[in-house]
Amino acid sequence: MSMFSIGLSGLSSTQKALEVTSNNIANAGTAGYKTTSTEFSALYSGGQRSGVNVSATSENFEKAGNLVGTGQSLDLAITGKGFFIISENGRLAYTQAGQFKMDGSDRSIITNNGDKLQGYGIDEQGNLVPGLLTDLKIEAGNIPAKASTNINFSLNLNSGSDVIPLPAQVIVPPATAIVPFDPKDGTAFSYSQSSEVFDSLGNSHTLTQYFNHAGANQWDVTYYMDGKPLDAAAFGLAAGTNEIVAKDSEGNLDTAHVVRMTFDGKGQLMPLDGSTPALDNNVTDPANKRELNFSFAPANGAEAMNIKLDLVKSTQFGSAFGLYENDPDGYTSGEFSGVAVAEDGGVYATFSNGEVKLQGQIALANFANPQGLETANNTTWYASQKSGEALIGVPSEGSFGAILAGSYMGSNVDISKQLVDLMSFQQSYQANAKTISTADEMMQVLFNAV
């Protein structure tokens, strides 16, 4: 093989390497771009030197790009392995460029090119439907009010507290010989705690519980809603059942039902009705003996409220008073305010009332041989026979990385290295050109000698 051909192969191969390096530099700011390297191989023909060839170009999927923080909820980065799955008019493509936005027409989550992010959707009841990829969409309508029906409430009552007895039980108020319970008198009870609940129209109401240490392992609890005591009828009991005279927030006399809480010698809450059901325990409360059910009729035209107060995890230890849980359900109406994405890929619509609503879950893909992926425009790849079929899962499970919202993964191009490579290939190009020039000079000498 002549020096001309060898030199030309060097020029051609080096030119391709310069193109690859130039492309890397050009895409140093491209989200999700992967640095491409040029791989050379020596050529021989019949044992004779034949120059050089570019045997392959490979993309670096091992090195993660820099995380670029934006604070935008639909800018997403994968902190680990995996590719986002997008639909290009029905054809699945894969990318790590996590710059998404919401389509104004159908509320789909799309790329800047209009390709739709894929994941698992929800059914009519709002439950996730795994295993079936679909376009992820956001329900952007307002959320109606939901009446409170349950309060998970638990606390620790200090067994060392002073005993503060309630007034004696009475049947019909007023009772002039009895000093009524006054919630405005801080010495009339041991502790108090409030919970905010909502009616069917979204109006807020305040349930307040007043705890009185009645003696060893015993506590009496009086309940007020919006400053008015709840009587026995509110708990579905006959009038006069465990009732005392009590003042409302305006100082008017009324009756209040009192619930007795009894704890065992280990500080665990016993059944509220005094029964001993089989297989009873204070962890799961299988017979629901540590729950209270009461009703309340709002005066604003909303539907009557029926609320379950779950006290199962309450304790009485010698430590300070403290809340374990105070979690009422229900909420007022709210307007759509944005989108939030969790680490596990859960996509939620957020509302002005603080509620969130699941919209779906982002799915990720990985490949046995990412180097075999087919490179496409817009920093995407297609599956190929060399890459193998996509292995699909969800973030934070198995080998898949978690989702980081508010950031996207930038290019993994190292500019300093690329500039060094650029100078190296430039010198190589000049050297190969010199071999051709030298070969030409040698030919001229030969022709002149003839």
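K289 and D273 pair up through their side chains in a salt bridge, with N and O 3.0 Å apart. Both residues sit in the loop between β17 and β18 (291-296), so this contact ties together parts that are 16 residues apart in sequence. Keep in mind that this is a predicted model. In total, the structure holds ten salt bridges, and a few of them are picked out below.

- K289 is partly exposed, at 25% relative accessible area.
- D273 also falls in the partly exposed class, with a value of 48%.

**A strand-to-strand pair, D220 and R260**
- D220 and R260 meet side chain to side chain in a salt bridge, 2.4 Å from N to O.
- D220 belongs to strand β14 (residues 218-225) and R260 to strand β17 (residues 253-262), so the bridge links parts that are 40 residues apart in sequence.
- D220 counts as buried, at 10% relative accessibility, while R260 is partly exposed at 35%.

**A strand-to-loop pair, K357 and E139**
- K357 makes a salt bridge with E139, and their closest N and O atoms are 3.2 Å apart.
- K357 lies in strand β23 (residues 356-362) and E139 in the loop between β10 (128-135) and β11 (150-156), so the pair ties together parts that are 218 residues apart in sequence.
- K357 is partly exposed at 34% relative accessibility, and E139 is partly exposed at 37%.

**A network**
- D106, K116 and D135 are joined up in a network of salt bridges.

Technical notes. Residues are numbered from 1 along each chain as its sequence is written. This is a predicted model: local features need pLDDT of at least 70, side-chain atom pairs count only at pLDDT 80 or more; totals for chains, interfaces and linings use all residues. Side-chain values use heavy atoms; hydrogens and water are left out. A salt bridge is a side-chain nitrogen of Lys or Arg within 4 Å of a carboxyl oxygen of Asp or Glu. Helices (H or I, at least four residues) and strands (E, at least two) are DSSP runs, numbered from the N terminus. Buried means under 20% relative accessible area, exposed over 50%, partly exposed in between (1.4 Å probe, protein chains only).
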